[in-house]
Amino acid sequence: FGSSHERPSTSGGWGKMGVEQEVPAKRQKTEGSDDDDSTSSNHSPAGTKTLTTVQTPKVPFNLEELESEIAALCADPPAYVSNIGELSVPPLACDEDGQLIATKIKEGPWNLVLSVCGKTGDEAYGFPFRVCLHFDKDLWPSKLAIVRFQSVFHHGLTDDNGGMLVPFYRHMEKDERGCCTVRLMVEAVRRFLVDPLAAWKIPEDKCPPNVEKVIRVHREMNVQRFEVMRKYSEQRLHPELFTSPAIWKQEWLDPSFWQARTQNTKEGWRSILTEHLPGEVFSFRILSEEFCQTLTEEIFNFYSSGLPARRPNSMNNYGIILNEIGLEPLIDELQRMLQPLGELLWPGPGTSWDGQHCFIVRYREGEDLGLDMHTDDSDVTFNICLGLQFDGAGLQFCGIMGAPNHRKHSHTYHHVKGSCVCHLGRKRHGADDITSGERLNLILWNHS
């Protein structure tokens, strides 16, 4: 019945070579625990490590001091920092047992999102990348803030979710107290973008060949991505789709969706939903005829440009990734608009998204006709039909992966232009073969 969708790695590579890649955790003694001296190390590129005990004072967390540091950064940001957001508390967090718990404003954890740019003129990393600094009162300021890139980011020395690996934290600069500061954290991210080996304290002549290769491969992916976007910027058919920050015009959205978005109440959102499988599969009108036409024209314009396109995954041979052609701001805003629905329908996996993978799938005679049963590499999936004219291509649903009925057919959904069907990524589904015409769909995978 087919395998799961494959999402192209947006980073990764170092971890696959056997080097430690865990996110620093509260109870890792190698990062310094409350009942042990913190440690530092000279990291070996071969993956071995020599630990040296260093006495680091425990400085208690102070929310007012953290807010003051962020205010100072906003008042006097370095030239390479932009789009500094507000300190926020995610609605849910994982406890030490991996269970989701509701957060409290004064207890945290806290997130700060901003953009950091590498060296001006660098064709791979000389652009603003969205970064999240995650503050935990048990880790900050004595140890670290967890760093993760939230935008599309190809790098060989981050994990597959865009998170920094342990050596980055080991070599961060500290202040006179031996503590982290927000400004020093941002400077460390900048150093990593400019020269990741130097940030990891690895001399160039001591860098293993396989590490050099994975850095080079991911760098080339970034260069190609920005080169495609630069070239296509000169050929865009509808420039209004590419503004940053993106603005979704009222006429682009179905009136019922616009009203629900404006009201932003549970009752308003539920009023636009059709429930096909209780608690599992829903649909709603979202896009206007005008926007479907506009986006479809842009997609075909890109196809005709002759520019190279990375395919969404191993199962779609003719689709394109919208984030790779300059539409990431538009899709980020679409995700923000859909977040209340995710939280309403699937608390937990739908509550707080911080990443997305968005692409177009195309089905027509002589190309991809359908798609075998599979699950998605997402927490929540939104599947929007853009048209065109077609017959067949029903969307078949089975059960949730791992459930007793996960191979049993439960519903067939029929696509309607401008409508969206949504479900958990682990809900097994597949597309029937198209029998005539051509179908384009926008697929949005949301990650939390």
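**Exercise 1.** Decide whether Trp353 and Phe382 are buried or exposed, then classify their ring pair.

*Solution.* Start with accessibility: Trp353 is buried, and Phe382 is buried too (buried means under 20% relative accessible area, exposed over 50%, partly exposed in between, with a 1.4 Å probe and protein chains only). This is a predicted model, where local features need pLDDT of at least 70, side-chain atom pairs count only at pLDDT 80 or more, and totals for chains, interfaces and linings use all residues. Residues are numbered from 1 along each chain as its sequence is written, and side-chain values use heavy atoms, leaving out hydrogens and water.

**Next, the geometry.** The ring centres of Trp353 and Phe382 are 5.9 Å apart with planes at 80°, so the pair is edge-to-face (rings of Phe, Tyr and Trp, the last by its six-membered ring, pair if their centres lie within 6.5 Å; planes under 30 degrees apart count as stacked, over 60 as edge-to-face and the rest as tilted).

**Exercise 2.** Find which residue lies over the face of Tyr303.

*Solution.* Look above the ring: Arg362 is there, at 4.3 Å from the ring centre (the criterion is NZ of Lys or CZ of Arg within 6 Å of the ring centre and within 35 degrees of the ring normal). Now turn to Phe226: Arg225 lies over its face, at 5.3 Å from the ring centre. Phe226 also belongs to a cluster linked by ring pairs, with Tyr125 and Phe127 among the members.
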